[in-house]
Amino acid sequence: QVQLEESGGGLVRTGDSLRLSCAASGGAFVNYNIGWFRQIDGKDREFVAVISRDAYRTAYADSLKGRFTISRDNTQNTVFLHMNNLKPEDTAVYFCAADPMSQTRVLKSDDAQYAYWGQGTRVTVFL
């Protein structure tokens, strides 16, 4: 079973960039598609991005395309979320998660399909 730990969150200004990391341990990291989700205070968790286990395929929430980029380094057992031109509405707790039924060609945006979650890292964007 894989364990995930997010890091890189913090307090930033509008227009800044930030890179979140999701470090994996305890399992065969290369077997898992990894997704990023976020939860804005008072709202349901929402899909941000997902990357296939071989790093060749990615998918994004439509509203975040062009600003957010997901990548992974399987030699470091880490997935990254690069966030550019941050806005106050990006303020949220960001989570990474592993899909236990990963298929390289099937990238899922439904958080119910992910079994292993990190504790989250908070990103706050102020004006």
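Student: Arg 105, buried or exposed?

Tutor: Arg 105 is exposed, because its relative accessibility is 69% and the cut-off for exposed is over 50%. Bear in mind that this is a predicted model.

Student: Where is Arg 105 found?

Tutor: Arg 105 sits in the loop that runs between strand E9 (92-99) and strand E10 (116-117). Its C-alpha atom is 9.9 Å from that of Asp 54, and the two residues are 51 residues apart along the chain.

Student: Switching to rings. How many aromatic pairs are there in the whole structure?

Tutor: The search finds 6 aromatic pairs. One of them is Phe 37 with Phe 47: the ring centres are 5.8 Å apart and the planes make 65 degrees, so this pair is edge-to-face.

Student: Which strands do those two lie in?

Tutor: Phe 37 belongs to strand E4 (residues 33-39) and Phe 47 to strand E5 (residues 45-51), so the pair ties together parts 10 residues apart in sequence. Both Phe 37 and Phe 47 are buried.

Student: What aromatic pair do Phe 37 and Tyr 114 form?

Tutor: An edge-to-face one, with 5.1 Å centre to centre and 75 degrees between the planes. This pair links distant parts of the chain, since Phe 37 is in strand E4 and Tyr 114 is in the loop between E9 and E10, 77 residues apart.

Student: And the relative accessible area of Tyr 114, what is that?

Tutor: It is 5%, so Tyr 114 is buried. Phe 37 has 0% relative accessibility and therefore also counts as buried.

Student: Which residues do ring pairs link into a cluster?

Tutor: Phe 37, Phe 47, Phe 95, Tyr 114 and Trp 117.

Student: Now the whole chain. How many helices and strands?

Tutor: The protein has 0 helices and 11 strands.

Student: Why does the radius of gyration agree with a compact globule?

Tutor: Because a compact globule of 127 residues would have a value near 14 Å, and the protein has 13 Å. Along the principal axes, the C-alpha atoms fill a box of roughly 40 × 25 × 25 Å.

Student: What about burial and contacts?

Tutor: Buried residues are 42% of the 127 residues. Of the contacts with a separation of 6 or more, 60% come from residues 24 or more positions apart.

How values were computed: Residues are numbered from 1 along each chain as its sequence is written. This is a predicted model: local features need pLDDT of at least 70, side-chain atom pairs count only at pLDDT 80 or more; totals for chains, interfaces and linings use all residues. Side-chain values use heavy atoms; hydrogens and water are left out. Helices (H or I, at least four residues) and strands (E, at least two) are DSSP runs, numbered from the N terminus. The radius of gyration is taken over C-alpha atoms; the globule rule is 2.2 Å times the number of residues to the power 0.38. Buried means under 20% relative accessible area, exposed over 50%, partly exposed in between (1.4 Å probe, protein chains only). Contact means heavy atoms within 4.5 Å. Rings of Phe, Tyr and Trp (its six-membered ring) pair if their centres lie within 6.5 Å; planes under 30 degrees apart count as stacked, over 60 as edge-to-face and the rest as tilted.
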